[in-house]
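I look at the whole sheet, then at its parts.

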Amino acid sequence: MAIWLNKDSKVIVQGMTGATGMKHTKLMLGDGTNVVGGVNPRKAGQSVDFDGTEVPVFGTVKEAIEKTGANVSVIFVPEKFTKDAVVEAIDAEIPLAVVITEGIAVHDSAAFWAYAGKKGNKTRIIGPNCPGIITPGQSNVGIIPGDITKPGRIGLVSKSGTLTYQMMYELRDIGFSTAVGIGGDPIIGTTHIDALAAFEADPETDLIVMIGEIGGDAEERAADFIKANVTKPVVGYVAGFTAPEGKTMGHASAIVSGSSGTAQAKKEALEASRRQGRQDADRDGEAGPGDPGRAERPHTRRAHGAQHHTEWARSRQGAGPLGLRRWLAAVATSGPGPYDATVQAGAGLTRPAESAAPGRPASGPAASAAAPTARPTARPGATLGGTPRTVSPGETGGS
């Protein structure tokens, strides 16, 4: 299974005949996406050839749905026309609309978001200003590269498109159930919480990676949701610890004002969720006071049990995406059934305790994932959303 998108999804492309729509429709078809039509009122009745695949063009989303059974629309139209395109998709009651376009006026985003609610939220909106959604090996809707990872059991939700790609690539030997780029605008359709709930309910997702950034309180609210509702391991990454106050960094919503929206505030919220998870485990006897290994294993979770684990991956003081790769590789390769993923808070990320016998060097995929990996360095002054700054504790990243 996957969330929201699979091999049976039938996709239409609003704006398919434009330059950007043509380019990405071709790439989506190459990734195996079942693109059944495009929408352009001025070119209705025509068809477009994509390397031998004829894709018809319809005048409206409603017509496209009636003739093809489409249940997903991806929107590649200029920002001044995006609101009308989304409203049309909502009126046609297509179940999923993925809005790739950036630069949309906040007023327009607010308008179509409110309109979707008024119409009963029959259409899930992902975006705007997002990379889309991919279920590797099945379907790819948007602009996410389809060849940077493989199918697996990690669910990914991210504000940042660039960090979505990097995380998928870093964990390419483990793979993803579904990766969702929700976008970094101030008003978006699908949130971290929506994706967390969907991954929690998906039996093919064992772990969740959540990528956030400065600005707003989405990550804080997600931390509260995790604490109350998520039983699967959740690894969080927050970008923006060095962002100057009052300066927009990349995304329109990535701006710190006073103490609101800071990376530190998001870190504290996620760590509070982690502490609550530890207390839950103690009450259930998983890591109680009598545990002889407690002193050596200060942060132990039973990931496939009825508990949850939230680990904040520190973008300035701890483990970035490469560190997450090491921990997740250890988790994902520990075999089916329950396991103990031991995380030394503040001292790096370690593989499960049973992965290697005492006195014997670790081997296999988890060991190779834990080996030092070359890391690009961000140039001074680079905007957020690019290369994460650190790899492991004690290793200094770029600016």
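I worked on a predicted model, in which local features need pLDDT of at least 70, side-chain atom pairs count only at pLDDT 80 or more, and totals for chains, interfaces and linings use all residues. Residues are numbered from 1 along each chain as its sequence is written, and side-chain values use heavy atoms, with hydrogens and water left out.

Entry on the sheet. I took helices (H or I, at least four residues) and strands (E, at least two) as DSSP runs, numbered from the N terminus. I counted two strands as paired if DSSP finds at least two bridges between them. I found an open sheet of seven strands with mixed pairing, in the order β3-β4-β2-β1-β5-β6-β7. Its edge strands are β3 (47–50) and β7 (124–126), each of which pairs on one side only.

Entry on β1. I looked up strand β1 (residues 11–14): Val-11 and Val-13 point one way, Ile-12 and Gln-14 the other way, and all are buried (under 20% relative accessible area, 1.4 Å probe, protein chains only). β1 pairs with strand β5 (residues 72–75) in the parallel sense over four bridges, and Ile-12 has Ser-73 in β5 as its bridge partner. β1 also pairs with β2 in the parallel sense over four bridges, where Gln-14 stands opposite Val-39 in β2.

Entry on β2. I noted that strand β2 (residues 35–39) pairs with strand β4 (residues 53–58) in the parallel sense over two bridges. Gly-38 stands opposite Val-57 in β4.

Technical notes: Buried means under 20% relative accessible area, exposed over 50%, partly exposed in between (1.4 Å probe, protein chains only).
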